[in-house]
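Subject: Handing over a structure

Hello,

Here is the structure I promised to pass on to you. Please open it alongside this email, and then read on for what turned up in it.

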Amino acid sequence: MAEAVGIDLGTMYSCAAFVTNGKVEVIQADDSGKRVVPSCVAFVGEEELVGDGALAKARRDPTKVIYDAKRLIGRSYNEQSVQDDIEKWPFKVVDSEGRPTIQVEHKGQTKSIVAEEVSAMVLRKLIADATKRIGQEVKKAVITVPAYFTDSQKRATKEAARMAGIEVLRLLPEPTAAAVAYGRENKGLENHISGQRNVLIYDLGGGTFDVSILAIDGKHYCVKGVGGHSHLGGGDFDQLIYTYVAEEVKRKLRIDVCNDPKKKRKLLTMCERAKRDVASMVNADIEIGSLVGSDDVLEIDRHKVEELCKNLLEDTKEVVKNVLATAKMTPADIDEVILVGGSTRMPCIKEMLSKVFPGKPICKTVNADEVVACGAAHLAAIISRDKGALLDVVQLENALPLSIGVEVFRGVFDVVIPRNTAIPVRCTRRYQTGFDNQSAVSFSVFQGERPLTKKNKFIGTFLLENVPPSRAGMPLEMVLAIDEDGILAVEAKVWPSKNCQSCSLQLTDRKTTEIISNLEDAERYMEEDQREVARLKKRSDLETYIENCRDHADGQVGWWLRLYLLDC
């Protein structure tokens, strides 16, 4: 039986799957046959409820139910997205040393819990269900994350897994997982006679939105472009419908549900159901009278829902266009579009994408709710070398969207890992001390395509200490490494010593529009940047000369040298 499982840890719903005898099986969450678990927890009496039990509690006392943990995980309290969400949630979120911390009443006391702990509870539930189904203890998993997750969000997800007692075999981007599942279930795609096939994954989940372009050639999957939005998903569509309906309730029934957490949660649930209903029917009824004990019904049709959600749909279309631009592709270069995520069941999404990709197949054959977990399960079986999996090896290749390097001689950017390099990667660069008896060397790490660090994104600083006294020019060796989860590590040492110092730095979230802007600016200002680099190089050489001859030159010579330097 399976030694490891694949887990789709979603914002609103989560899912687990495993591979047995070469086939993937999605694990049932309970005896009712449901195969997805609501990503929420509740604290009731002595119990800690997870999944459907917690969701049922939300209808009675929404202030004791915690959801949307994925929107908090790995973030700081002061981030604007966190502040925007706090206003929508019925539970309380406070600042605890910069971390957003959730507070709920439990056992007569105020319980504080962070997003990692909430996610850990959901993960424990999924693993327990998997252990029950497989018949043996499961402790390993491939867990999926949005393609644009920052380094801190990835680390926080790993921490949640550690709390749940899970060994993370790999953090896998959700669109990549979907592409693997699709490729494995459609052997004709993996064995396509014409070679490489470009597939665009449009993943609209409950709380996040992802777009990825993958080139599939046999069993080799190469990511060509990624983009997304961390606060755009089905929940945001529900919120727009809720806002409209709440105004109608206020106008017709003269009650403001926004001030009553129970009524607000009940109405939000009805709006979510109506959104699903109009995906398959033209109209849906929202029983607004149940909020006040009457028979009043508000009818909402598909056209109205699409009108309310128009701006969000346009936002997703812009992301698609930007990802195409990043990958240097046009719609004609895409062979197929794959829809992932429950929210893609809205007919208007397929209609919109059919206009962007005329004549291209928009695939809805995969199970939008389960395909990500299935892809993760395939990779989990491969990594764990599960003998019962009967799978061929799948090669996954993620690409670095922008170059990473360090600052040299006063603001010049030296690229260590070029953009579009396949991940994981480990690159080494040799440097040297700049002046005599230098005891420490600071490496400032940046990401971008401009030759000047001030035009790129600062990531962090690594300080190599305890450098032995020596004349200027002592050789140093620095390593930048990005693992398969996209986490950046920095190492440095005095070469050829074996005494290496290291640290981890957090790669920041680079939006698709920011990536495109950086690339365009690099091309537009190429000549100007090169002139500035030449100037800084000369200035650096002069500064080094002054520093090294300071103790040998008389004061007046040193003074005039410094005056000359100020004019450079």
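A contact here means heavy atoms within 4.5 Å. Before the details, please keep in mind that this is a predicted model, where local features need pLDDT of at least 70 and side-chain atom pairs count only at pLDDT 80 or more, while totals for chains, interfaces and linings use all residues. Residues are numbered from 1 along each chain as its sequence is written, and side-chain values use heavy atoms, with hydrogens and water left out.

Let me start with the whole chain. It has 15 helices and 29 strands; these are DSSP runs numbered from the N terminus, with helices (H or I) of at least four residues and strands (E) of at least two. Of its 568 residues, 53% count as buried, where buried means under 20% relative accessible area, exposed over 50% and partly exposed in between, with a 1.4 Å probe and protein chains only. Among contacts with a separation of 6 or more, 66% come from residues 24 or more positions apart.

You will find Ala246 in helix H7, which covers residues 234–253. Ala246 counts as buried because its relative accessibility is 8%. Which residues does Ala246 contact, leaving aside its neighbours within four places in sequence? They are Val257, Cys258 and Leu267. Asp256 is ten residues from Ala246 along the chain, and 7.3 Å separates their C-alpha atoms.

Next, a sheet. Three strands form an open sheet in the order E6-E5-E7, with antiparallel pairing. Its edge strands are E6 (47–50) and E7 (65–66), each of which pairs on one side only. Two strands pair if DSSP finds at least two bridges between them, and two bridges join strand E5 (residues 41–44) to E7.

Finally, the cysteines. How many disulfides does a search of the whole structure find? The result is zero, with a disulfide taken as a pair of cysteine sulfur atoms within 2.5 Å. Take Cys348: the closest cysteine sulfur is in Cys309, and at 7.1 Å from the sulfur of Cys348 it is too far for a bond. Cys348 counts as buried because its relative accessibility is 8%. Cys427 also counts as buried, with a relative accessibility of 16%.

Enjoy exploring!

Best wishes
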